[in-house]
Amino acid sequence: MAFDGITTNCLVQELNKTLLGQRISKIAQPEKEELLFTFKSVSGSNRLLISANASLPFIYMTGENKPSPMTAPNFCMLLRKHISNGRITAITQPSLERVICFTIEHLDELGDPAVKYLYVELMGKHSNIIFCDSDHVILDSIKHVSAQVSSVREVLPGRNYFIPTQEGKTDPLDISCQDFMHFIFSKPTSLCKAIYSTLIGFSPVMGIELAYRAGLDADASTASFDEKDKQKLFDVFSDFIAAIKDGTFVNTIYYKDESYAPLEFSPMPLSIYQSNPHKTFDTMSELLESYYAQKNKYTNIRQKSVDLRKIINIHLERDRKKYQLQKKQLEDTEKKDKYRIYGEMLHTYGYQANTGAKSITVINYYNNEELTIPLDDTLSAMENAAKYFDKYAKLKRTNEALSQFIVDTQNEILHLESIAAALDIAENEADLNAIKEELQDFGFIKKHYGKKKGKAEKSKPLHFIDNHGFHMYVGKNNYQNDELTFKIATGNDWWFHTKGIPGSHVIVKSQGEELPDETYETAAALAAYYSSGRQNDKVEIDYLQKKNVKKPNHSAPGFVVYYTNYSMMVTPSIEKVTLVR
């Protein structure tokens, strides 16, 4: 979610309670576009982390320290020179702009009281941290913006600081009902776009949320609403703004699904995501610290898996093309029996062929129908028969070889698809290392021999407990699937797997007891969730006792066969289980 003006307002109220009156004891610049302030007070120390990174701008209180470079960058040195030991006297936000202004009192070189301003702009790719003197003249900024970069505003030492006006937008904290109706419903666009393009600090998500609370279609044109609808929207908006002014915030992260990949965060409850898994936090700083940690973890895993995913896709594409070519070649060998029959008929009726004839018509004794056999007029009937038998033998050998090649290619495609599915559920670097090891073992990646640095963390299967206390294990890659099925599971434990698509092996430890119906359903939903069918509404699951699952000789890891099983259709979910760490 965008770091919008409402989130910024929530933070300003929070920072005023925490930092107002405190003195700056340390200033560090751990990253190129990041600052870390440490404040000292009677109750202890507080840290404020600020980032002007174009992709992930943020500001929040944190308990963690970050290592800084040995030589501080120039911007950090300038801040230390002017505001070290300075006191925060005000933290403000103009309207609902994504801007926070810190007013800092300090002593100048002569020991006289002075004031400086630090502006934190959280505006996506235009994010910046700007340091100004008492007259709001820019002393320096963490990013310099010249006239060549922006014709709207230069951010350079010596320029006056100002916030660019947002054309067509108005202050939502001070708007009348009449102006609200006029500005929003006079725009020839969708209701959602009219809201966020009219009200300062409102993101598209908040536009959808307001429309949803008012029971209106956010995608409908503004011209389609009557006076009653307009009044509904204004009433919802008024309550929304009142909650902001009162500081009635509910800091919540909403997740995509039970995998807890972050979807949105908001200081206001989002009714549009009320059915999604979510978690509330006491402060916006705690929320942001958690959100960005999860977001970074998810992003890092995706980035680190790019090369592996590319290798898998290249091999899959190659194998699928090879499979189609082999199938076509196999179809071409299906005429082999025709050549065998030609040879047999010539052995039987060849004496009837005239010398130099280009064909002979005989009765096929297999179906008692006439059969015309093409002949090479330079060869005798017996020589033609031998030629057809040679063609038959060659096509027969090709057919047998291709049949095996096709099976091998199909198995390799299934193997690669199972590795791709494992890549989708990888949670950490240990999981990626296990997948890379499998790719190396089967020749998809060249194995590099050398000294390993330290002891690498080992990837472990997922371990859950359901509502009835039964332990469930989920393999995150093919080696873990084999280990779970053939080493950890015992004969009477239950085994679950998606039917016909790649997925994890799920084992339920029965502990010698009969499983409740709900446990079967929960394990099946778990198997569907950790498969390539995760996004489907329904997935078919096969399940049976482990003693009936067999592993063919020389088969790839994770590959099994079974002949007696039960099946059920389930919705992918991990709702009714608790993850054991």
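1. In helix H9 (residues 336–349), the residues Lys-336, Tyr-339, Ile-341, Tyr-342, Gly-343, Glu-344, Met-345, Leu-346 and Tyr-349 are buried (under 20% relative accessible area, 1.4 Å probe, protein chains only). Helices (H or I, at least four residues) and strands (E, at least two) are DSSP runs, numbered from the N terminus. Strand E13 (359–364), strand E14 (369–374) and helix H10 (381–424) are included in what covers these buried residues, by contact (heavy atoms within 4.5 Å).

2. The model is predicted: local features need pLDDT of at least 70, side-chain atom pairs count only at pLDDT 80 or more, and totals for chains, interfaces and linings use all residues. Residues are numbered from 1 along each chain as its sequence is written, and side-chain values use heavy atoms, with hydrogens and water left out.

3. Gln-29 belongs to strand E1 (residues 23–31) and is buried, its relative accessible area being 5%. Its side chain reaches the backbone oxygen of Lys-32 at 2.9 Å and the backbone nitrogen of Cys-76 at 3.4 Å. Beyond its neighbours within four places in sequence, Gln-29 is in contact with residues including Glu-34, Leu-35, Phe-75 and Ile-142.

4. Helix H1 (residues 5–19) and helix H6 (residues 227–246) have axes (lines fitted to C-alpha atoms over the stretch in contact, with angles from 0 to 180 degrees between N-to-C directions) that come within 9 Å and cross at roughly 25°. H1 and H6 are therefore roughly parallel (angles under 35 degrees). Ile-6, Asn-9 and Gln-13 of H1 meet Phe-240, Ile-244, Lys-245 and Asp-246 of H6.

Methods
Buried < 20%, exposed > 50% of the residue type's maximum accessible area, 1.4 Å probe, protein only. Polar contact = N/O pair within 3.5 Å; in protein donor to acceptor, adjacent residues only side chain to side chain. Parallel < 35°, antiparallel > 145°, perpendicular 65-115°, else oblique.
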